[in-house]
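Take a walk through this model, one feature at a time. Keep the sequence at hand as you go.

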Amino acid sequence: MKHNNVLPQGHFHKDWQRYVRTWFDQPGQKKARRIQRVKKAAKIAPRPVDGPLRPAVRGQTVKYNMKVRAGRGFTLEELKAAGIRRKEALTIGISVDHRRKNRSVEGLEANVQRLQEYKSKLIVFPKKANKPKKGDADAATVASATQLRGAVLPIAQPANTDVERPIGEAPKVHAYHTLRMARSDKRHKGAREARAKAAAEEEKAKK
């Protein structure tokens, strides 16, 4: 062996069984999670299983902003436009986010419409069945109400408007062709002038 190297000492007989991660509890954990979901649904009934209503917002950055997703909560401006007080919203299953700001009129109007649609479908149970207050549902509606399973007013992606469509008559000037021709003319200008000059001299020599 050349050079003053360390002698190889390969320790290939380690106690590897100690470091193996197993998932033998996976079926049991799956069952436990399901039981927990059922218990939670029974505990919060008749409220929706998936929790409060969320706003429709755009994802951050250019990579994700073409998608619409569920946000943290409605802004105070959206609640005000829909005629819902901040403290009242929390009691009727509407999430609130005082940090978020409305950056566009379209987003504000979409969420206000979402709140109004939710209000039209909302069933408010009276605290005391024999003394219902203004805005509470009647006894028949309360009796027929069922717990909603799944998302509250699911968010649908808007239709893609960037589709191929006819533009009418063919354009008289083609921008790409014009630019390519200008580039070609500039590149071959010297060669063409030299060729024309040589042809003129040759013609003059013949005479």
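Start with a definition: rings of Phe, Tyr and Trp count as a pair if their centres lie within 6.5 Å. By that rule, the structure holds zero aromatic pairs. Arg-21 sits over the face of Trp-23, at 5.0 Å from the ring centre.

This is a predicted model, so confidence comes next. The mean pLDDT of the chain is 91. A score of at least 70 is reached by 100% of the residues. Helix α3, residues 76-82, has the highest confidence, at 97. Helix α6, residues 139-144, has the lowest, at a mean of 88. Where pLDDT is low, predicted coordinates should not be read in detail.

The largest pocket holds about 1,300 Å³ of space. Its lining is made of 36 residues. Closest to the centre are Ile-92, Leu-122, Ile-123, Val-124 and Phe-125. Which helices each supply at least two residues of this lining? They are α4, residues 86-91, and α5, residues 105-121. Of the elements, α4 gives the most, with four residues. By residue type, the lining of the largest pocket has 18 nonpolar, six polar and twelve charged members.

The second largest pocket holds about 720 Å³. It is lined by 28 residues. Ala-56, Val-57, Arg-58, Gly-107 and Asn-111 lie nearest its centre. Strands β1 (56-58) and β2 (68-70) each give two or more residues to this lining, and so does helix α5. The largest share comes from α5, with eight residues. Here the lining divides into ten nonpolar, seven polar and eleven charged residues.

Next, the backbone. Most residues other than glycine have a negative phi, and most peptide bonds are trans. Begin with the peptide bond between Ala-45 and Pro-46. That bond is cis, with omega at about 5°. Pro-46 belongs to the loop between α1 (26-44) and β1.

The other two places concern phi. Thr-61 is not a glycine, yet its phi is positive, near 70°. This residue is part of helix α2, residues 61-64. Leu-153 also has a positive phi, about 50°, and is not a glycine either. Leu-153 lies in the loop between α6 and α7.

Are these two residues buried or exposed? Thr-61 counts as exposed because its relative accessible area is 54%, and the cut-off for exposed is over 50%. Leu-153 counts as buried because its relative accessibility is 16%, and buried means under 20%.

Finish with Ile-167. Ile-167 is also placed in the loop between α6 and α7, the latter spanning residues 175-206. Is this isoleucine buried or exposed? Its relative accessible area is 71%, so Ile-167 is exposed. How far is Ile-167 from Pro-48 in sequence and in space? The two are 119 residues apart along the sequence. From C-alpha to C-alpha, they are 48 Å apart in space.

Definitions and conventions
Residues numbered from 1 in each chain as written. Predicted model: local features only at pLDDT ≥ 70, side-chain atom pairs only at ≥ 80, totals over all residues. Heavy atoms only, no water. 1 Å grid on protein atoms, 1.4 Å probe; cavity = no way out; pocket = protein on both sides within 12 Å on 5 of 7 lines; lining within 4 Å. Points joined across faces, edges and corners; volume = space filled by probe spheres on them. Nonpolar A, V, L, I, M, F, W, Y, C, P; charged D, E, K, R; others polar. pLDDT = per-residue confidence, 0-100. Phe/Tyr/Trp six-rings, centres within 6.5 Å; stacked < 30°, edge-to-face > 60°. Lys NZ or Arg CZ within 6 Å of the ring centre and 35° of its normal. Buried < 20%, exposed > 50% of the residue type's maximum accessible area, 1.4 Å probe, protein only.
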